[in-house]
Amino acid sequence: MLSDLSILPVALSSRAGEVQLRRAVPGDLPGLMALLSDDPISAARGDRGDDSDEEAYAAALRSVLNAPLNDLLVVDDAAGRLVGTLQLTVIPGMARRGATRLLVEAVRVSSTERSSGIGTAVMQWVMHVAAPATGATLVQLTSDAARVDAHRFYTRLGFVDSHVGFKYAV
């Protein structure tokens, strides 16, 4: 849990209405699993969101919530439904004169809420509130090459596709 984000929970405005951004809790597990499987790219990687994976997801959630430089945030709509999530990781570094980076991972908005402004509201909060609160001078993220719509979204927000990422499956 990032203690620097004691400003949570916070209300954010979107075209879908007001939503609440807050820290995830263990009880959010079913909603998180649903969000991860509500995406064809994630589903193709094995994020099925069914009961057979519940313990693996629960262990991962505990691990993220207990890691001091990580936080998992969720977005609730006005009805209290979990409609979004993202993971934040603070990365202290030597490069860029010792710059701290805020890594954004696993951004998801429910398929029923995409293009509603929720993602924009959350990412602007990350850029303008969370990054300064954690001492980060750079917000970075990776996005699957197949997520063309997401790339347009991040570019519209001011992110620059400046690097090429590599992965090695172990």
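How many bridges join strand E4 to strand E5? Seven bridges join E4 (residues 82–91) to E5 (residues 101–109), and the two strands run antiparallel. Valine 90 stands opposite leucine 102 in E5.

This is a predicted model, in which local features need pLDDT of at least 70, side-chain atom pairs count only at pLDDT 80 or more, and totals for chains, interfaces and linings use all residues. Residues are numbered from 1 along each chain as its sequence is written, and side-chain values use heavy atoms, with hydrogens and water left out.

Helices (H or I, at least four residues) and strands (E, at least two) are DSSP runs, numbered from the N terminus. Six strands form an open sheet with mixed pairing, in the order E1-E2-E3-E4-E5-E6; two strands pair if DSSP finds at least two bridges between them. Its edge strands, each pairing on one side only, are E1 and E6. On average, neighbouring strands of the sheet are turned by 30° against each other, direction ignored.

| Edge strand | Residues |
|---|---|
| E1 | 10–14 |
| E6 | 138–141 |

Helix H1 (residues 29–37) lies across E3 (70–76), E4 and E5, and runs at about 90° to E4. Angles run from 0 to 180 degrees between N-to-C directions, and axes are lines fitted to C-alpha atoms, for helices over the stretch in contact.

The axes of helix H5 (residues 118–134) and helix H6 (residues 148–156) come within 11 Å and cross at roughly 50°. In H5, Gly119, Thr120 and Met123 meet Phe153, Tyr154 and Arg156 in H6, where contact means heavy atoms within 4.5 Å.
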